[in-house]
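Dear colleague,

Please find below the structure that I am handing over to you. A summary of the findings follows it.

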Amino acid sequence: MMQMEIIAANEEKLKAQQVSYEEMYKRTHPDYNGERIFRTISGGQLYTANEIDELLYKEMLERMGTTEEQEQQKREEWRKQMGYPGY
């Protein structure tokens, strides 16, 4: 049980350390200020760094035949099965 508590605490620390795609892009392109400069491969509309990240994530889920809600449910079920704290 102690290991599961450590894992849960580390997951919370990881969430706090996660940065947006825009913040990551700014690390290598410090002059980026949220402009709409990104496109999909097919062209068309321009997106900000965070918008293109979200769009590509949704497209990936679509190709996998799932949704964010379904993926979250799978993670929750796995945590319950593994006996994570709070379940």
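**Findings**

Asp53 lies in helix α3, which spans residues 49–64; helices here are DSSP runs of H or I with at least four residues, strands are runs of E with at least two, and both are numbered from the N terminus. The model is a predicted one, in which local features need pLDDT of at least 70 and side-chain atom pairs count only at pLDDT 80 or more, while totals for chains, interfaces and linings use all residues. Residues are numbered from 1 along each chain as its sequence is written, and side-chain values use heavy atoms, with hydrogens and water left out.

With a relative accessibility of 38%, Asp53 counts as partly exposed; buried means under 20% relative accessible area, exposed over 50%, and partly exposed in between, with a 1.4 Å probe and protein chains only. Asp53 is 32 residues from Tyr21 in sequence, yet their C-alpha atoms are 6.5 Å apart.

As to the overall fold, the chain holds four helices and two strands, arranged along the sequence as α-α-β-β-α-α. Its radius of gyration is 17 Å, well over the 12 Å that the globule rule gives for 87 residues, so the chain is more spread out than a compact globule (radius over C-alpha atoms; rule of 2.2 Å times the number of residues to the power 0.38). Along the principal axes, the C-alpha atoms fill a box of roughly 50 × 30 × 15 Å. Of the 87 residues, 18% are buried.

The largest nonpolar core has six residues: Tyr25, Tyr32, Phe38, Tyr47, Ala49 and Ile52. Such a core is a set of buried Ala, Val, Leu, Ile, Met, Phe, Trp, Tyr and Cys residues joined through side-chain atoms within 4.5 Å. Leaving aside residues up to four places away in sequence, Phe38 touches Tyr25, Tyr32, Gln45, Leu46, Tyr47, Thr48, Ala49 and Ile52, a contact being heavy atoms within 4.5 Å.

A pocket is an open set of points on a 1 Å grid over the protein atoms alone, where a 1.4 Å probe fits, with protein on both sides within 12 Å along at least five of seven lines; lining residues have an atom within 4 Å of a point. The lining consists of Glu11, Leu14, Lys15, Gln18, Glu68, Gln72, Arg75 and Arg79.

Yours sincerely
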